[in-house]
Amino acid sequence: MDTRRLISTPFTSSSTADEVLEDIDLTGVRAIVTGASSGLGAETARALTAAGAEVTLAVRNTAAGDTVAGSIGESTGGVRPRVVRLDLADRDTVARFADAWSGPLHLLVNNAGVVTGGLERTRDGWELQFATNHLGHFALATGLHDALARGAADRDGARIVSVSSTAHMRSGIDFDDLHFERRGYDPQIAYAQSKTANSLFAVEATRLWASDGIVANAVNPGGVATGLQRHFTPEQRASLDAAEAAGVFTYKTVEQGAATTVVAAVAPEFAHSGGHYLDDAREAYTVPDDADLAHHPHGVKEWALDPATAERLWTVSTGLLRL
């Protein structure tokens with residue numbers, strides 16, 4: 001049993017990204033934020049830019065990204081992030097993005113996510129939520145490993161933030177049917193599996209890359225109304241409403257939701273410590289796999305932090321991307 005003290009910070013569920021970054025100078029920090037054309041990604045990118053970071057918006061819709069970059073430029077006195085196209089469901093665009101990156105990288109925020117209302121597949125035949133939310137980010141991070149290692153060398157460490165969700169508590173990883181080729185499709189279970197994968201990525205990335213100065217942590221931003229919910233079916237929306245009514249979560253503002261991401265990105269408490277799952281700006285407590293979400297809305301299930309599962313997922317993910 002793990003009896004160590006959980007990592008805490010001075011921040012809480014009501015803290016904002018700007019409050020986390022108060023008095024922090026990120027001049028010289030090169031950062032990538034995926035899915036930064038709206039919602040949490042846009043707010044994360046804005047806050048990092050305002051603190052002095054050189055931010056790249058990695059987005060599928062570059063027109064929307066340009067709009068966000070312009071807005072950030074206006075709010076920061078003319079400091080405009082760069083906008084580069086990235087479609088996490090398309091292996092070719094991920095490879096092009098990573099290959100085109102030049103120089104060190106200090107911070108990678110794997111924020112983008114997709115929710116589907118029904119079964120959708122990529123051209124590789126992969127279930128879209130797992131392919132986008134996990135495999136695309138996995139390919140991006142591994143493709144940028146050398147850049148992160150260079151960033152770690154010149155700034156005493158590099159960080160990856162993997163945006164997960166309370167939804168991870170609905171499902172572990174079904175290695176026998178990752179892409180719903182045999183079991184009936186449930187978009188909520190598919191989303192949950194991808195969010196568990198986001199947390200497991202942080203565990204194994206830290207184990208493999210800490211010696212290079214790179215640590216990764218997973219975060220739960222909390223309940224935030226964003227464009228992610230635009231494809232919800234009536235059943236998915238009813239489930240979300242029921243969870244809110246049961247007290248599983250209360251809605252945060254986008255500024256509050258981005259705060260936990262920024263804590264993982266800049267807080268000194270996580271500078272050299274990875275493989276954690278953060279909730280409300282601090283490390284979450286671990287609960288058994290059969291724990292009830294309604295009773296542990298701020299916990300993380302064992303299956304999302306299990307080292308053996310994380311190692312197996314890394315191996316399977318590497319194999320899929322080599323096909």
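In the predicted model, eight strands form an open sheet with mixed pairing, in the order β3-β2-β1-β4-β5-β6-β9-β10. The edges are taken by β3 (82–85) and β10 (282–283); each has a single partner strand, so one side of each is left without a neighbour in the sheet.

Helix α5 touches β1 (30–34), β4 (107–110) and β5, and the direction of α5 makes about 170° with that of β4. Helix α6 (residues 145–155) also packs on the sheet, where α6 touches β4, β5 and β6. The direction of α6 makes about 130° with that of β5.

Strand β5 (residues 158–163) is joined to β6 by six bridges, and the two strands run parallel. Arg-159 has Val-215 as its bridge partner in β6. Strand β6 (residues 214–220) is largely enclosed by the rest of the structure, because seven of its seven residues are buried, buried meaning under 20% relative accessible area. The side of β6 to which Ile-214, Ala-216, Ala-218 and Asn-220 point is opposite to that of Val-215, Asn-217 and Val-219, and the residues of both sets are buried.

The packing between helices was considered next. Two packed helices are described by the angle between their axes and the distance between the axes. For α5 and helix α7 (residues 187–209), the axes come within 7 Å and cross at roughly 15°. The two helices are therefore roughly parallel to each other, since angles under 35 degrees count as such. The crossing of α5 past α7 is right-handed. On the α5 side, the contact is made by Gln-129, Phe-130, Asn-133, His-134, Phe-138, Ala-141 and Thr-142. The residues that they meet in α7 are Pro-187, Ala-190, Tyr-191, Gln-193, Ser-194, Lys-195, Ala-197, Asn-198, Phe-201 and Trp-209. By class, the contact of α5 with α7 comprises nine nonpolar residues, seven polar residues and one charged residue.

Helix α5 also packs with helix α4 (residues 91–100), at an angle of about 25° and with the axes 9 Å apart. This angle makes α4 roughly parallel to α5. Here too the crossing is right-handed, with α4 passing α5. Val-94, Phe-97 and Ala-98 in α4 meet Gly-136, Ala-139, Leu-140 and Gly-143 in α5. Five of the residues in the contact of α4 with α5 are nonpolar and two are polar, and none is charged.

Because its relative accessible area is 3%, Ala-131 is buried. Leaving aside residues up to four places away in sequence, Ala-131 touches Leu-88, Thr-122, Trp-126 and Gly-136. Gly-136 is also one of the α5 residues that meet α4. Ala-131 and Ala-89 are 42 residues apart in sequence, and their C-alpha atoms are 5.9 Å apart in space.

Key. Residues numbered from 1 in each chain as written. Predicted model: local features only at pLDDT ≥ 70, side-chain atom pairs only at ≥ 80, totals over all residues. Heavy atoms only, no water. Buried < 20%, exposed > 50% of the residue type's maximum accessible area, 1.4 Å probe, protein only. Contact = heavy atoms within 4.5 Å. Axes fitted to C-alpha atoms, helices over the stretch in contact; angles between N-to-C directions. Helix = DSSP H or I, 4+ residues; strand = E, 2+ residues; numbered from the N terminus. Parallel < 35°, antiparallel > 145°, perpendicular 65-115°, else oblique. Left-handed = near helix turned anticlockwise from the far one by under 90°. Nonpolar A, V, L, I, M, F, W, Y, C, P; charged D, E, K, R; others polar. Pairing = 2+ DSSP bridges.
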